[in-house]
Amino acid sequence: MRAAGLLLAWALLHPAGTQQCHLPGPGGILRFTDTHAEIRVPALHRVPSALDPLYGLVRRCLDLIQQNPLPTELLRAALNDPSSVRTSQVVQYELGYVVCAAVALLFTVAVPVAGMCCCYCRSRRRCGGRLRVHQRSLGCRRRCLLACLSLTSLVILTSVTCALVTSQRVKGQMELGLGVVPATLHTLGQHIANVPQGVQMVVDQFEVPRQQIISDLGGLSRGVGLSIHTQLRAMTYAALLDLQDRAAGLSRGVGLSIHTQLRAMTYAALLDLQDRAVPSVEKVLKALAGLPRSDFAEMIRQGNGTFNSIPELAVERMAQVIQDLREEMARVTEKVQSIADGFPLPDYTGPISDVLVKAEDRSQPYLREVERFEQYRWIAGTVLCSIILLILACNVTGMALGTYGLSKREDPGDYECRGEAGAKFLLVGVGLAFLFSWLLILLVFATFLVGGNIQTLVCRNWVNQEIFKFIDTPGNLPPSMNLTRQLNIRRDSNLSTTYRECKSGAGLWEVLQLDRSYDLDEHLKSPKYTADFQKLLGDFTTRLGDVRLLRSEGRQDLETFARSGVDEVDYGRFQEEMKNPVVQTSLPGLARSLEGLQKMQRNGTVAGRLAAEARALWQMQNSTVQSQEALVAKLGESVQFLSRLAPRLQERVKTTLATTASVEARLPVQAQQILRQEIGCFTRRELRYFSQYLSWVGQTLREDVASCQPLATALDNGGVILCDRIAEPWNAFWFSLGCCTFFLIPNIIFAIRLTKHFRPIRNRLISTGSEETCPFHIPRVTALKL
């Protein structure tokens, strides 16, 4: 009882309205599907290569050749009025390339002429012949020529290897780049064309919060009922327990102790076996007559059942509002659909989409031509590099045979076939060099002119942003090439600003300033979609805590019991009197004495009377006295119980009645408070789902679906492909091939001079009889001139 009182006091001092939200459910973060990961342009980057030092060397050479900045005036005139462009302007800007062209032209003319002269000299046996005089320094000179020819051959071999590698890399990157261009344009067009579809897919993701909210609605009513039951059960169960204790006291005190006392005192008065001073309880017995009139056990069971049925009652009472909320979610879905229906971006992206489609269509013929010319370049480069390798093979074979022949020749004037073969191999290499060097220099100059201008005119000005500045300057581009108008960029912006904004991930409506015609934040405000949902929950009211713990007849029984005077009886005197026996004379002893006298009596009449008296005493002892002793024993227990119950009885009963009335009054109020609190918690949680979704929609529409970052990425990829992956190996190719071509000149000289050292010397007589090898031949005099 004390524990129940403490629990009840705690429940009364801690109202349910101060508790936290108890509705089930995690209330966590929603996960949305990224439906636009496939509509992206993968960013390309420059890949480090072992040829980077060669690329750097080529760039420095081109910077020396072309030191002029971007020809703004010349480009403006060429784009707006091509007929006004003067040749002198082009020559002045391309002066470095003009000088290189002059050098190439000189090489193209001079080397074949030198080759023809060499052939003529060889036909006159004056070039590539034999040494005339044997000298001691010939060995040192021969070794020096061998070293020089080996060194030039090694340089040419390194250069031609680099040329083959870079040529193959150009071919691979060109094929890849030509495939990337239409694919990138198509991806960009698809990205722009899929903006409405992307917006619709984002809107369709409202199914995620909708399903979560519908799921939460399914458990709302029972959750509210369980929360009310959980938070009020301590107070209710404590009141029911206290009421049960009072009812038990009433039933036991009245139904057992008082009636037992009444029977005992009645029998004692009738028998009058002794004079007892027992306090009168007639007033108390009269007041308690007929109690209890109510079935307290049934009342407590009904009250407990009514309270425990609150969760089911909540489900029943909240069924209609749950259905209304589900219908409201269907209406909210239609409202969210208005985001996709009213999104104006397709109207502004139409020009961009048209430009991309035209660019994709028009690029196909040019790309095919570029691919065809690249195939020609690769074939020509491979053939010429193979010829260079053949020249190197002749050099190596000639030097090997010639050196071996010299080691086997005993006399400098003796003929040695291996030395002669080595000399011929060297001359074959010289002939090939003279024959194909002009083709080499033409290929070098053609690729140099294209690749050099791409590097100095496009790539260099791409890096320093000069191209963007030129495009942004009004009047530089003709009206037909007005990118600001074609791409529908806002008038107060330019290509450079747009490029930087797109690269940083800005949305198309920021670049195009669509917020002036369509305020996305306004369309994504949460109250626009949640006001009716929130109102339905806010307006819902019902009573869930009407529980009757004590009916009026039960209350009257407790009040009668409290006013009965049970607490006024002198239970001490009762307990003292209970210590005295029911009869002070021992009836069994008296009966046995009479039986003894009866046996001693001679008179039959007296003996019969004594026997009758003894039987009467035994009958009284066995029937009346023993039952009275049992009743007195029970009376003692009852008196002891009442002595414990009687103190502060009225106070306890009054407290129980007041507590019961207070709990009955507080249950509906606190149940309503808990209902409002739990509905408030539910509302806040569901509104967070709306907020998460709308925030995700805004971010996705700005940064993914309607982002212009793919445009900037595609532009950067174009620079990477053109400059880093094609122009660099392209320029390295002509640079390496040019090194081969120019080192063929010392190769020719060293080969021709070394040829003489592999043949016999003229001042030695040998058996061939050749005029060329006979030092003592005296020509016949045919004429004498004075």
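Helices are taken as DSSP runs of H or I with at least four residues, numbered from the N terminus. The structure is a predicted model, in which local features need pLDDT of at least 70 and side-chain atom pairs count only at pLDDT 80 or more, while totals for chains, interfaces and linings use all residues. Residues are numbered from 1 along each chain as its sequence is written, and side-chain values use heavy atoms, leaving out hydrogens and water.

Across the whole structure, the search finds 18 salt bridges.

Turning to helix packing, the axes of H11 (residues 296-308) and H12 (residues 310-317) come within 5 Å and cross at roughly 45°. Axes here are lines fitted to C-alpha atoms over the stretch in contact, with angles running from 0 to 180 degrees between N-to-C directions. H11 and H12 are therefore oblique to each other, a label for angles that are not under 35 degrees (roughly parallel), over 145 (roughly antiparallel) or 65 to 115 (roughly perpendicular). In this contact (heavy atoms within 4.5 Å), Thr306, Phe307 and Asn308 of H11 meet Ile310, Pro311 and Glu312 of H12.

Methods: Helices (H or I, at least four residues) and strands (E, at least two) are DSSP runs, numbered from the N terminus. A salt bridge is a side-chain nitrogen of Lys or Arg within 4 Å of a carboxyl oxygen of Asp or Glu.
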